[in-house]
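Subject: Structure handover and findings

Dear colleague,

Please find below the structure that I am handing over to you. The notes that follow it set out what was found.

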Amino acid sequence: MRVFTNEDLIKRNRRLAQILFFASLIILIGGLVLTNTLARSNYILMALPVLAMPIGLITTWISVRLTNQYVREPHPENAIQTGLKGASHNTVLYNYLFKANHVLITPQGVFAIITRFQDGVFTVKGDKITSSKSIGPLGWFFGLMRQDQLGKPITEARTAAADLQKQLDAALPNLKVTVQPVVLFVSEKAQIETADGLGSDVPVVLANSKKKPSLKGLLRDGKKQSAPLLSPAQLRRVEDALNGELSIGNAQSQVVVEDEA
């Protein structure tokens with residue numbers, strides 16, 4: 001499996017998460033110190049803590065979001081590779097290079113993957129995914145504090161797939177390839193349940209190949225379907241088209257390529 005990873009983006013965002021974390025601490029602590037030490041008669045200086053608190057909260061919020069996506073383990077790019085261990089040598093994975101953070105090319109098709117790091121039990125009901133942790137009157141509040149709200153991953157996956165579809169249609173007008181959206185939970189502690197008869201048409205799977213439903217299982221099921229698989233020549237055309245979009249070869253400093261056996 002060939003893996004194209006935007007290592008510069010990952011390193012930059014991990015570094016930014018650390019910088020914002022320490023900056024937010026300095027801002028919040030500095031605001032508290034100023035509040036307790038400034039003379040009450042100095043109204044201009046007394047306004048500084050009022051400005052510092054919202055700035056500190058915003059930097060903290062951004063830091064936590066970046067940490068959840070780029071620092072927290074397992075890292076999505078690693079979880080996908082581990083889960084697809086033993087995949088066909090024709091398989092190609094792109095990390096953080098398109099609107100979909102992860103794009104997978106396999107004989108079973110092209111997949112635009114949106115990941116989530118959260119753990120726990122998740123129920124898929126139509127286009128909505130709910131967490132057992134969000135149940136209760138204060139579930140939403142604690143989720144906001146932890147910055148682990150699910151958002152709308154199915155909608156995000158569809159949007160990312162549509163964007164990639166436009167690029168492939170423009171680059172390969174004579175090759176009909178449908179980009180399939182996928183939502184992937186990378187945590188080892190995540191579990192997926194589907195409401196009876198109300199599952200989504202967008203697959204919601206786990207990175208861990210030993211659990212169900214899994215990404216590897218999704219590809220395995222694709223082999224059993226009657227639809228024809230993409231040939232090695234077609235896969236190469238798709239890969240060349242995406243590489244051309246990224247200008248890979250002219251920007252090797254941005255992209256690290258791995259070739260797994």
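Arg-236 has a relative accessibility of 41%, and this residue therefore counts as partly exposed, since the buried class ends under 20% and the exposed class begins over 50%. Please bear in mind that the model is predicted. Arg-236 forms a salt bridge with Glu-239, in which the closest N and O atoms are 3.4 Å apart. Both residues belong to helix H7, where a spacing of three residues separates them by about one helical turn.

Glu-239 also meets the side chain of Arg-2 in a salt bridge, at 2.7 Å from N to O. This pair links distant parts of the chain, with Arg-2 in strand E1 (residues 2-5) and Glu-239 in helix H7 (residues 232-246), 237 residues apart. Is Glu-239 buried or exposed? Its relative accessible area is 2%, so Glu-239 is buried. Arg-2 is buried as well, with a relative accessible area of 16%, which lies under the 20% limit for that class.

The structure holds six salt bridges. One of them joins the side chains of Arg-116 and Glu-156, at 2.8 Å from N to O. Arg-116 lies in strand E4 (residues 109-116) and Glu-156 in helix H5, so this pair ties together parts that are 40 residues apart in sequence. Arg-116 counts as buried because its relative accessibility is 11%, whereas Glu-156, at 36%, is partly exposed. As a general point, side chains of opposite charge can pair when their charged atoms come close.

In one of them, the rings of Tyr-70 and Tyr-96 have centres 5.3 Å apart and planes at 45 degrees, so the pair is classed as tilted. Which parts of the chain does this pair tie together? Tyr-70 lies in helix H2 (residues 43-71), and Tyr-96 lies in the loop between strand E2 (92-95) and strand E3 (102-106), so the pair ties together parts that are 26 residues apart in sequence. Tyr-70 is buried, with a relative accessible area of 8%, and Tyr-96 also counts as buried, at 5% relative accessibility. Separately, Phe-4, Tyr-94 and Phe-98 form one aromatic cluster.

In soluble globular proteins, nonpolar side chains tend to be buried together.

Two residues illustrate the packing. With residues up to four places away in sequence not counted, Val-238 touches Ile-105, Val-110, Leu-168, Leu-172, Leu-175 and Val-177. Thr-106 is placed in strand E3 and counts as buried, at 1% relative accessibility. Leaving aside its neighbours within four places in sequence, Thr-106 is in contact with Thr-91, Phe-111, Leu-219, Leu-230 and Leu-235.

On the surface, Phe-21, Phe-22, Leu-25, Ile-29 and Val-33 form a nonpolar patch, and together they have about 470 Å² of accessible area. Ile-29, one of these residues, is placed in helix H1 (residues 7-37).

Some totals complete the account. The protein has seven helices and 10 strands. Of its 261 residues, 43% are buried. The protein exposes about 14600 Å², and carbon and sulfur atoms supply 59% of that area. Among contacts between residues at least 6 apart in sequence, 70% join residues at least 24 apart.

With kind regards

Terms used. Residues numbered from 1 in each chain as written. Predicted model: local features only at pLDDT ≥ 70, side-chain atom pairs only at ≥ 80, totals over all residues. Heavy atoms only, no water. Patch = residues over 30% accessible without salt bridge, like charges linked within 9 Å, V, L, I, M, F, W, Y side chains within 5 Å. Areas by Shrake-Rupley, 256 points an atom, 1.4 Å probe, with all protein chains shown as cover. Salt bridge = Lys/Arg side-chain N within 4 Å of Asp/Glu carboxyl O. Helix = DSSP H or I, 4+ residues; strand = E, 2+ residues; numbered from the N terminus. Phe/Tyr/Trp six-rings, centres within 6.5 Å; stacked < 30°, edge-to-face > 60°. Buried < 20%, exposed > 50% of the residue type's maximum accessible area, 1.4 Å probe, protein only. Contact = heavy atoms within 4.5 Å.
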